[in-house]
Amino acid sequence: MKDDLPANANSAPIDSARLQALWGALRRITQALRSHPRLETLLPLVTREVRTLLDADGTSVILHDPKTDEFFFPAATFSDGDTSRRFARIRFPASRGVAGQVFRSGRAMIVNEVSSDPHFLQAIDDQSAFTTRNMLDVPLWAGDRCIGVLCAVNKRGGDFGAQDLALLD
């Protein structure tokens, strides 16, 4: 079921261990920005760091291709490298899925029971041979324009919550 996000989700307190991990991840990403001038080489680092921070089975960057009005996965990090490679071949209409809802609304979504969410796109799991249980999607912005979605799937040991959202949104 889709969780209702509290109005103050961005101000959810973050415990000290997660705060330390966040600072470490931000430091690594900032250092990588200097040595990876191309987005294609930076995105896998970002997905790896987010996956670790959220303790998720997988994370992906889903970008919008305005020429085809489709989404594609320029970076996906899963514990299984084959799954990551399968995601790289997937494209789907930008109007579909939880990512489509987040992209259109510009608002993050937590879906802790994908089987009961009408936005969940089963075809992505079918094409990737991956089983999604829960997910957290946040919009990616370039200035005032939404360019895609950052997606984390299958929180280990539970559901995504306001603290996870606070780390990304």
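The conversation below takes up the sheet, its strands, the aromatic rings and the cores.

Guide: Please keep in mind that this is a predicted model, in which local features need pLDDT of at least 70 and side-chain atom pairs count only at pLDDT 80 or more, while totals for chains, interfaces and linings use all residues. Residues are numbered from 1 along each chain as its sequence is written, and side-chain values use heavy atoms, with hydrogens and water left out.

Visitor: In what order do the six strands of the open sheet stand?

Guide: Strands here are DSSP runs of E with at least two residues, and helices are runs of H or I with at least four, both numbered from the N terminus. Two strands pair if DSSP finds at least two bridges between them. The pairing in this sheet is antiparallel, and the order is β3-β2-β1-β6-β5-β4.

Visitor: Which strands stand at the edges of the sheet?

Guide: An edge strand has a single partner strand, so one side of it is left without a neighbour in the sheet. The two strands placed in this way are β3 (91–93) and β4 (109–111).

Visitor: How many bridges join β5 to β6?

Guide: Strand β5 covers residues 135–142 and runs antiparallel to β6, with Met 135 standing opposite Val 153 in β6. The two strands form a hairpin with two residues between them, and Gly 143 in the turn has a positive phi of about 65°. The bridges joining β5 to β6 number eight.

Visitor: Why is β6 described as largely enclosed by the rest of the structure?

Guide: Strand β6 spans residues 145–155 and is also joined to β1 (residues 56–65), by seven bridges. A residue is called buried under 20% relative accessible area, exposed over 50%, and partly exposed in between (1.4 Å probe, protein chains only). The strand is largely enclosed because the buried residues in β6 are nine of the eleven.

Visitor: With which side chain does the side chain of Asp 57 make a polar contact?

Guide: Asp 57 is found in strand β1 and is buried, with a relative accessible area of 18%. A polar contact is a pair of N or O atoms within 3.5 Å; within protein, one must be able to donate a hydrogen and the other to accept it, and residues adjacent in sequence count only if both atoms are side-chain atoms. At 2.9 Å, the partner of the Asp 57 side chain is that of Arg 156.

Visitor: What is the angle between the planes of Phe 71 and Phe 92?

Guide: Rings of Phe, Tyr and Trp (its six-membered ring) pair if their centres lie within 6.5 Å, and planes under 30 degrees apart count as stacked, over 60 as edge-to-face and the rest as tilted. A search of the whole structure finds six such aromatic pairs. The pair of Phe 71 and Phe 92 is tilted, with 5.2 Å from centre to centre and planes at 55°.

Visitor: How many residues does the largest nonpolar core have?

Guide: A nonpolar core is a set of buried Ala, Val, Leu, Ile, Met, Phe, Trp, Tyr and Cys residues joined through side-chain atoms within 4.5 Å. Among the residues with the most contacts inside the largest one are Ile 62, Phe 87 and Ile 124, while β2, α4 (97–105), β4 and β6 each supply at least two of its residues. Apart from it lies another core, of 19 residues, Phe 160 among them. The number of residues in the largest core is 25.
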